[in-house]
Amino acid sequence: MSLYEHVIISRPDISSNQVEEFVQNVARKVENAGGTVEGAEYWGLRNLAYRMQKNRKAHYSMLKINATSDTLHEIERQHRINEDVLRYMSIRVEEFSDDPSPIMKKREERKRRNKED
């Protein structure tokens, strides 16, 4: 089993609840294939660096997956078929960090600064 960080970029016209449900379905598929999902983060609706399929914004989600490469290939195959997924990327890592991702850290810092003002 290998460790992967899997980021999914979804269409902006679906709701955040639908994105959460989609991430839960992906987690269920990984667990049914014998893997585990160590954590999931919803980064929110964010601006894209460039247009993708005429979209300027997208929903970002990240999953920390512990699974075999065959399981991950199957998940990626299903992403290619799904119309709601604009892009995805899987990166193999040596270990998962216990800290929140840099995206979530920035969000927490912004909240802290706004409270101080």
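What follows is a short tour of a predicted model, from its core to its pocket and then to a loop.

**The main core.** Start by selecting Tyr4, Ile8, Phe22, Val23, Val26, Val30, Leu63, Ile65, Ala67, Leu72, Ile75 and Val85: these 12 residues form the largest nonpolar core. Now colour by element, and you will find that β1, α1 (16-32), β3 and α2 (69-81) each give two or more residues to this core. The largest share, 4 residues, comes from α1. In soluble globular proteins, nonpolar side chains tend to be buried together.

**Around Ile8.** Next, centre on Ile8. Beyond its neighbours within four places in sequence, its contacts include Phe22, Leu63 and Val85, and also His59, His79 and Arg87.

**The largest pocket.** Select Glu5, Trp43, Met62, Ser101 and Pro102, which lie nearest the centre of the largest pocket among its 13 lining residues. The pocket's volume is about 190 Å³. Its lining comprises 8 nonpolar, 2 polar and 3 charged residues. At least two lining residues come from each of β1 (2-10), β3 (55-67), β4 (85-93) and α3 (102-116).

**The β2–β3 loop.** Finally, go to Gln53, in the loop between β2 (36-52) and β3. Gln53 is not a glycine, yet its phi is positive, about 50°. Lys54 is also not a glycine and has a positive phi of about 65°; Lys54 is found in the loop between β2 and β3. Most residues other than glycine have a negative phi. Are these side chains buried or exposed? Gln53 counts as exposed because its relative accessibility is 53%, and Lys54 counts as exposed at 76%.

Notes: Residues numbered from 1 in each chain as written. Predicted model: local features only at pLDDT ≥ 70, side-chain atom pairs only at ≥ 80, totals over all residues. Heavy atoms only, no water. 1 Å grid on protein atoms, 1.4 Å probe; cavity = no way out; pocket = protein on both sides within 12 Å on 5 of 7 lines; lining within 4 Å. Points joined across faces, edges and corners; volume = space filled by probe spheres on them. Nonpolar A, V, L, I, M, F, W, Y, C, P; charged D, E, K, R; others polar. Core = buried A, V, L, I, M, F, W, Y, C linked by side-chain atoms within 4.5 Å. Buried < 20%, exposed > 50% of the residue type's maximum accessible area, 1.4 Å probe, protein only. Contact = heavy atoms within 4.5 Å.
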